[in-house]
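The entries follow the order in which I looked things up.

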Amino acid sequence: MFNKFRLGKKQEHSSTLRDKIEELKKQPIPEHVAIIMDGNGRWAKKRALPRIAGHHEGMKVVRKTTMLANKLGIKALTLYAFSTENWKRPKNEVEYIMRLPEEFLGTFLPELVENNVQVKMIGYKNQLPVHTLHAIEKAIEETKDNNGLVLNFALNYGSRAEIIDAVKQVLNDSKNGILNENDLNEDVFSSYLMTSEFNDPDLLIRTSGEIRLSNFMLWQLAYSEFWFTDVLWPDFSEDHLLEAIEIFQKRQRRFGGVL
Ligand code: V07
C-alpha cells in the first residue's frame with residue numbers, strides 16, 4: 001500500500017508536460033486568458049543586464065506561452081505588451097520595445113501560421129511607429145483565416161481611455177438616432193469597447209508580484225478569476241501556466257459545488 005502510494009506520487013512528479021495537459025483538459029479550460037507580462041526590467045536588473053535584455057527574454061516566453069495555450073485549447077490569449085503609460089520610459093527603451101513585434105513576427109510568424117494561430121491587436125494604433133504597425137497588420141492579415149488560438153496583443157492600450165472613447169461613441173450614436181438611450185445595457189456597451197469581438201477573460205494572470213490592474217481591461221475583468229505570481233515574466237514557464245489553470249479549475253469546482 002505504502003509502495004503503491006509512493007509510486008503514484010513519483011509518477012505524478014515525473015509526468016511529462018503532455019500528461020499534465022491531458023489531465024487539465026478533463027476539466028473546463030478557460031476560454032479567454034489575459035496576462036500582464038510584468039517583471040522584464042527587474043529580471044534584467046537582477047542579472048546586471050540592460051532592461052532591454054529583459055524585454056527580449058520576455059518575447060521568447062510569449063512564444064512558449066502561445067504554443068502551450070494553443071495546445072490546451074484556450075480560445076483567446078490577450079497579452080499586455082505595452083500600455084499607454086509606457087511611453088514615459090526612456091526613449092531608447094521605448095524604441096527597442098517597438099522593434100519587438102517585428103522581431104517576434106520575423107521569427108515566429110511562420111510557426112503561428114503553421115499552428116493555426118490568429119493574430120489580433122487592441123490598443124491605439126495611430127500613435128505606434130509605422131514600422132511596428134506595418135508588421136502587426138501584415139501578421140493580422142496573414143493569419144485572418146486561421147481558426148485556432150486568437151493571440152491578441154494589447155499594445156498602446158489603456159482601459160480608462162478605452163471606456164471614455166466608448167462613451168463618446170455611445171453619445172454620438174445616440175445623437176444620430178442610431179442608439180436609443182433605453183437600449184443601452186452592459187452587452188451593448190461592451191460592443192463599443194476595443195474588445196467587442198472577445199468574450200470577457202475568464203482568467204487574469206499577472207507576474208512579478210504586483211497585485212493591481214494598472215489600467216488593464218477594467219470593464220472586461222469584472223467577473224474574471226485573478227492569479228498572481230511573484231515569478232518574473234522572463235522566468236514564467238509552461239508549468240506556471242498549467243498551475244494557474246489548475247487553480248482556476250479548482251476555484252470553478254468550488255464555486256459550482258457551493259452554489
Ligand atoms: C513585447 C516582450 C514580452 C514582454 C513584455 C514587454 C516586451 C511580443 C510582442 C508582439 C506584439 C505584437 C505582435 C507580435 C509580437 C511584443 C511589445 C513588447 C510592444 F503582433 N513581445 N512584445 N510587443 N515585449
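**Entry 1. The largest pocket.** I began with the classes of the residues that line the largest pocket, and I noted 18 nonpolar, nine polar and nine charged residues. In this classification Ala, Val, Leu, Ile, Met, Phe, Trp, Tyr, Cys and Pro count as nonpolar, Asp, Glu, Lys and Arg as charged, and the others, Gly among them, as polar. The model is predicted, and local features need pLDDT of at least 70, side-chain atom pairs count only at pLDDT 80 or more, while totals for chains, interfaces and linings use all residues. Residues are numbered from 1 along each chain as its sequence is written, and side-chain values use heavy atoms, with hydrogens and water left out.

I recorded how the spaces are found: on a 1 Å grid over the protein atoms alone, a cavity is a set of points where a 1.4 Å probe fits but cannot get out, and a pocket is an open set with protein on both sides within 12 Å along at least five of seven lines; lining residues have an atom within 4 Å of a point. Rolling a probe the size of a water molecule over the atoms shows where empty space is left.

The largest pocket has a volume of about 890 Å³; a volume is the space filled by probe spheres set on the grid points, which are joined across faces, edges and corners. I found 36 residues in the lining of this pocket, with M37, Y80, A81, N86 and R89 nearest its centre. Elements that each supply at least two lining residues are α3 (40–46), α4, β2 (76–83), α6 and β4. Helices (H or I, at least four residues) and strands (E, at least two) are DSSP runs, numbered from the N terminus. The largest share of the lining of the largest pocket, five residues, is from α4.

**Entry 2. The ligand.** Where does the ligand sit? The ligand takes up the space of the largest pocket; a molecule sits in a cavity or pocket if more than half of its atoms lie within 2 Å of its grid points. I then listed the 17 residues around the ligand, among which H55, I97, L100, F104 and F153 come nearest. A residue is near a molecule if one of its heavy atoms lies within 4 Å of it. Taken alone, the ligand exposes 510 Å², and the protein buries 98% of that; accessible areas come from the Shrake-Rupley method with a 1.4 Å probe, and for residues only the protein chains shown count as cover.

The shell around the ligand comprises 14 nonpolar, three polar and no charged residues. I noted that α4 (51–72), α6 (100–114) and β4 (150–157) each give at least two residues to this shell.

**Entry 3. The largest cavity.** How many cavities of 30 Å³ or more does the structure hold? I found one cavity of 30 Å³ or more, and the largest cavity contains about 30 Å³ of space. Its lining consists of V61, K64, T65, L68, F236, S237, E238 and L241. By class, I counted four nonpolar, two polar and two charged residues in the lining of the largest cavity. Both α4 and α10 (238–258) supply at least two residues of that lining, and α4 has the largest share, four residues.

**Entry 4. Positive phi angles.** I looked up two residues that are not glycines. A48 has a positive phi of about 55° and is placed in the loop between α3 and α4. A48 counts as exposed because its relative accessibility is 73%; exposed means over 50% relative accessible area, buried under 20%, and partly exposed in between (1.4 Å probe, protein chains only). N215 has a positive phi of about 65° and lies in the loop between β5 (203–206) and β6 (225–228). At 17% relative accessibility, N215 counts as buried.

**Entry 5. Accessibility and C-alpha separations.** T66, found in helix α4, counts as buried at 0% relative accessibility.
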